[in-house]
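Dear colleague,

I am passing on the structure we spoke about, and I would be grateful if you could look through it alongside the notes below.

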Amino acid sequence: MQTEVKFSSKRFLLALLLCACSVILLQNNDLSPNASFTFNAICIAAGLAVCFLFFLPSLILKKQTDSDVLTLARRFTPKLRIPIAIFYALYFVYAALYFLLPYIDMFHTKYFPEVTPCLITFIMLLGCAYAACKGVNVISRFGIFLFLFALLTNILMFGGSLSELDFSHYSFELNGEFNAFMQNTLYFVTPSFIAVIFACCSGVTRNFRFRQPVFTLIFTGLKYAAVIFFVWFALGDYVGRQTYPAFVLSRVAHFGPFAGIESFYLALSTMSVFMIVSLFLCCISRGTCSDGNRKCVLIFTLIIFALYVTATYINSVKEILVNPIPLLLLTFVAAVMLPAAYIFVGRKSNAKGN
Amino acid sequence: MRRGISILLTVAAAVMLSGCNNSRQIETASIIKNVSVDRRGGQVVYTFYRLSSSEKPWGIDVPADSFEQACALAREQYIPNLSLAKLELLMLSEDVYRQVMQDDVDYISTQASFSPIAYVTLCDDGAIERIKETNRTQSLIEEQLILLKKNNPSVNINYLSIFNNFARRGEDSFTVPFISSEKELKVSEFEIDREKMKKTAK
């Protein structure tokens with residue numbers, strides 16, 4: 001059953017931080033190979049600045065009304081409630097597939113080539129549907145455990161790669177072109193999907209402070225910079241020959257004769273994608289289901305699975321689903337335009353009330 | 001009732017996800033621990049040493065022109081269940097390294113299953129013979145390699161750093177380990193000239 005008890009906003013943003021950090025774990029040659037570390041660091045700063053702009057309308061909405069878009073849609077525009085809920089539901093279905101497709105591909109190619117990807121997806125989605133039925137509060141509690149696990153994995157991954165760092169051949173110089181800047185910045189705007197989760201679920205949190213999302217984005221940037229740093233200086237040209245650089249980093253990590261922490265990396269990426277998809281289903285549930293009704297969660301889980309199967313067999317569908325530009329455009333509508341519209345509607349109705 | 005169903009489902013999931021249904025004994029799994037490359041009668045021979053519990057190593061000789069070809073031949077003709085995910089050491093004889101090293105490291109870099117930090121070393125024929133005698137030789141070599149790296153961080157002891165040195169532009173040479181076996185196994189540094197290697201490979 002959906003838990004509507006208000007919980008700490010810090011815990012919710014910790015869960016969003018983990019979701020944002022998982023983007024870099026699933027990175028598969030999305031970044032320009034000619035861009036140096038310093039160049040990528042600038043792209044990270046630019047990308048996350050755009051993410052902050054995506055966050056702004058829902059932050060103002062939360063500060064002013066202590067509520068979220070879906071609740072306000074019910075309160076102020078009951079006639080538009082269903083179209084808005086459907087738009088958000090479709091957005092989250094699309095975004096869930098955007099993360100599921102690379103994750104299942106990585107899981108299948110790197111770990112279990114003999115297992116059918118559809119089976120892995122089905123089991124994963126069942127777990128996510130169960131978590132979504134429990135609500136945002138329970139998922140954010142799981143985030144505390146995941147945060148500690150992510151900390152341990154990152155310490156092992158970075159600490160174990162220290163001996164492979166090569167500063168004599170790979171330097172901090174600024175190498176990159178305008179096209180590479182656009183491509184990489186576009187990639188680093190991907191975590192803006194957390195702004196949409198915030199816009200849909202922030203109504204169930206309390207003790208919100210404006211600095212919380214700022215810290216979330218700063219920590220996300222630091223995590224990205226750390227991964228890019230180790231990929232650039234520890235893996236060098238080798239990374240161009242392999243898929244999923246963060247995975248290769250976990251294979252390279254070693255402490256003396258003890259080598260390879262791929263299992264930690266696998267567990268972290270699995271739990272991160274599990275958390276993302278669960279939160280997406282929670283948001284769908286908040287928009288489309290009446291209290292205590294789990295049918296919608298199951299229906300949308302089946303829709304995600306059906307689309308996944310379609311994308312597996314029809315390549316053009318897969319190309320659309322993994323394309324970052326439609327996702328960013330939809331994120332812009334979901335995180336900026338709709339919350340901004342409700343800031344305006346809220347002010348207007350307050351003025352009428354007065 | 002609900003508790004009973006949950007317990008049944010948990011037990012079923014534990015059995016299904018444990019991976020034991022497709023298990024194999026280590027002796028029959030054909031996990032390769034190290035590979036040596038030398039020349040015999042004018043032909044390059046790749047010897048695949050399997051992980052085994054016995055004291056004496058169990059190796060299979062595969063004559064081939066490259067590591068890629070040797071892996072394909074080994075799978076087809078000698079070891080159908082060949083697994084190279086646990087490969088820890090590639091030993092190249094000083095007679096053959098100019099001919100095969102660059103191409104072999106390049107092939108390995110494209111394979112997802114190989115570990116990028118597996119050791120690569122050059123050696124004399126005596127060291128190749130020593131590795132055939134006992135399983136302890138491999139651990140001895142690995143210990144010596146770690147020690148060498150500790151004393152001289154610029155030496156390149158694994159696929160990752162050797163691949164990066166081949167890929168890099170500007171520098172003419174780099175150093176790798178060399179194992180000699182005059183009295184006992186001894187690891188020293190060996191300078192590789194990239195230009196000479198390119199000419200020999202052509």
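The notes that follow take the chains in turn and then turn to the contact between them.

This is a predicted model, in which local features need pLDDT of at least 70 and side-chain atom pairs count only at pLDDT 80 or more, while totals for chains, interfaces and linings use all residues. Residues are numbered from 1 along each chain as its sequence is written, and chains are lettered from A and ligands numbered from 1 in the order in which they are written.

Chain A

The secondary structure of chain A consists of 14 helices and 4 strands, where helices (H or I, at least four residues) and strands (E, at least two) are DSSP runs numbered from the N terminus. Its C-alpha trace spans about 70 × 45 × 40 Å along the principal axes. The radius of gyration of chain A is 20 Å, which agrees with the value near 20 Å that a compact globule of 354 residues would have; this radius is taken over C-alpha atoms, and the globule rule is 2.2 Å times the number of residues to the power 0.38. Of the 354 residues in chain A, 45% are buried, a residue being buried if 20 or more other C-beta atoms lie within 10 Å of its own, exposed if 12 or fewer, and partly exposed in between, with C-beta atoms placed from the backbone. Among the contacts in chain A with a separation of 6 or more, 86% join residues 24 or more positions apart, and two residues are in contact if their C-beta atoms, placed from the backbone, lie within 7 Å.

Chain B and its sheet

Chain B has 7 helices and 7 strands, and 33% of its 202 residues are buried. For chain B, residues 24 or more positions apart account for 61% of the contacts with a separation of 6 or more.

In chain B, 7 strands form an open sheet with mixed pairing, in the order 3-2-1-4-5-6-7; two strands pair if DSSP finds at least two bridges between them. Strand 3 (58–63) and strand 7 (186–193) of chain B stand at the edges with a single partner strand each, so one side of each is left without a neighbour in the sheet. On average, and with direction ignored, neighbouring strands of this sheet are turned by 30 degrees against each other; axes are lines fitted to C-alpha atoms, for helices over the stretch in contact, and angles run from 0 to 180 degrees between N-to-C directions.

Strand 2 (residues 43–50) of chain B pairs with strand 3 of chain B in the antiparallel sense over 6 bridges, and B:R50 stands opposite B:W58 in strand 3 of chain B. Strand 1 and strand 2 of chain B also run antiparallel, joined by 8 bridges, and they form a hairpin with 2 residues between them, where B:G41 in the turn has a positive phi of about 60 degrees.

Strand 1 of chain B runs parallel to strand 4 of chain B, with 4 bridges joining them, and B:S36 stands opposite B:M91 in strand 4 of chain B. Strand 4 and strand 5 of chain B pair in the parallel sense over 5 bridges, with B:L92 opposite B:L122 in strand 5 of chain B. In strand 4 of chain B, 5 of the 5 residues are buried, so this strand is largely enclosed by the rest of the structure. B:L89, B:M91 and B:S93 point one way from strand 4 of chain B, whereas B:L90 and B:L92 point the other way.

Helices of chain B

Helix 2 (residues 67–78) of chain B lies across strand 2 and strand 3 of chain B, running at about 115 degrees to strand 3 of chain B. The buried residues of helix 4 of chain B are B:A127, B:I128, B:R130 and B:I131. They cover an arc of only 160 degrees around the axis, which puts them on the same side of helix 4 of chain B, the arc being that of the directions from the helix axis to the C-beta atoms.

The contact between the chains

Chain A contributes 16 residues to the contact and chain B contributes 12 residues. Helix 10 of chain A gives the most to the side of chain A that touches chain B, with 3 residues.

With best wishes
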